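Open the model in your viewer and keep the selection tool ready. The tour has two stops.

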Amino acid sequence: MQSGGSSSVTSTKKSWLFIAIVIVVAIGAALVIWWAAMATIQQSVQLAESQQPVVSTKSTATPQLTTEVVVSGRTQIWEVAFLPTKEMVFTERKGVLSIVKNGQPATLRTIEDISAKGEGGLLGLAVDAKFIDNRFIYTCFNSTKGDIRVVRWRVSADLGSLEARTDIVTGIPANPSGRHSGCRVAFGPDGYVWIGTGDTARGDTSIQPKSLGGKTLRVDRDGKPAPGNIGGQYDARIFSYGHRNVQGLAFFPGGARQGVLGISVEHGSSVDDEINVLRPGNFGWAPPAQGYDESVPMTDKTRFPDAIDPIWKSGNPTQAPSGAGFVHGAQWKAWDGRLMVAMLKDKQLKVVNLTDQNKLAGEDHVFQGQFGRLRTAVQGPDGNLYLATDNSSNNQIIRVTPH
């Protein structure tokens, strides 16, 4: 009897254990099903949300602008740039390169072999993206040696002088009068030095494959050709050709758009100043080799059917656009991401709205006649815009603050 009772108890325990296991398994299965259902619901919600139209939080208000003169009493300022340590550097066409430290301008160097005639002289200036490591800056100028050249310098540790001059690109053609010298230089987000050149007011210069005039060039820090240039019969340093007088280079703040890094700005002849995309190819300017007929179209689709069309053109009369730069930051409100173009003949700042497809979407105009001829426009490390004037006397650098 006792043996039979013990067996019955054991059997009962096994039954309860089996039931417990079944319950645990059932609960686990239910949890798995619940988790899967919740994951499916969450994915559905996320999908539905992703299909909803995105509501932009970007301001639609036009910023209010205040201005302050930060440098004055200079002669023909051409370019303004900033070191990563936030000091401003700028060029004057007569050959002086200066730095602003603690609010006071000081001469970094007066370059000895400058030929400052007409439109020529000390023009473009760019700061290397790796300045903290190599202390390199680049200048572009008309030389007394009869050409236009790009020179790399090292800024001294005390920011008091320029050292270690290296002429990285020489032989860019120059007109003895200085006409159409181009000479904008910029350090691109691709790690290469970009150079905009002029056609020296001579026919066919811009399409001659071995001439560096009327082109955009793209080289490394030592002046060697960058990969991805146009190649073929053209000098390996040439990125694009068919330009009249490149005056501005600017790169999109958010990276490449439609496969291009930025834009160039170009002076027209009797008609059509242009803003162009930075793409390899022919931009269509080439007056006949004999003489310099400026009545031909800036983008001559008859002679060059495949010429690249501009983003913007002035029509007639021309406006003489020059240095340009994009501004970005919420402080610029509706103008966040827009292109600021300094205008010489029109004596204003042009605010250009470009779409993500590099199409013109409108333009605004400010400071009409207020500061005279504007040579360059560049955003500083403080997020403000800096304008340089190029008048006959008392030239200034002006800080523009948006509100």
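A disulfide here is a pair of cysteine sulfur atoms within 2.5 Å. This is a predicted model, where local features need pLDDT of at least 70, side-chain atom pairs count only at pLDDT 80 or more, and totals for chains, interfaces and linings use all residues. Residues are numbered from 1 along each chain as its sequence is written, and side-chain values use heavy atoms, with hydrogens and water left out.

**Stop one: the disulfide**

Select Cys140 and Cys183. Their sulfur atoms are 2.2 Å apart and form a disulfide. By the sulfur cut-off, the count is one disulfide. The pair joins distant parts of the chain, 43 residues apart: Cys140 sits in strand β7 (136–142) and Cys183 in strand β10 (182–187). Strands (E, at least two residues) are DSSP runs, numbered from the N terminus.

Now check the S-S torsion. For Cys140 and Cys183 the angle is about -100°, so the disulfide is left-handed.

Colour by accessibility next. Buried means under 20% relative accessible area (1.4 Å probe, protein chains only). Cys140 is buried at 0%. Cys183 is buried at 1%.

**Stop two: Ser314**

Move to the loop between β18 (312–313) and β19 (321–326), and select Ser314. Is Ser314 buried or exposed? Ser314 counts as buried, with 16% relative accessibility.

Show its surroundings. Contact means heavy atoms within 4.5 Å. Setting aside neighbours within four places in sequence, Ser314 is in contact with Asp272, Asp273 and Gln319. Finish on Asp273: its backbone nitrogen lies 2.9 Å from a polar atom of the Ser314 side chain.

Terms used:
Helix = DSSP H or I, 4+ residues; strand = E, 2+ residues; numbered from the N terminus. Buried < 20%, exposed > 50% of the residue type's maximum accessible area, 1.4 Å probe, protein only. Polar contact = N/O pair within 3.5 Å; in protein donor to acceptor, adjacent residues only side chain to side chain.
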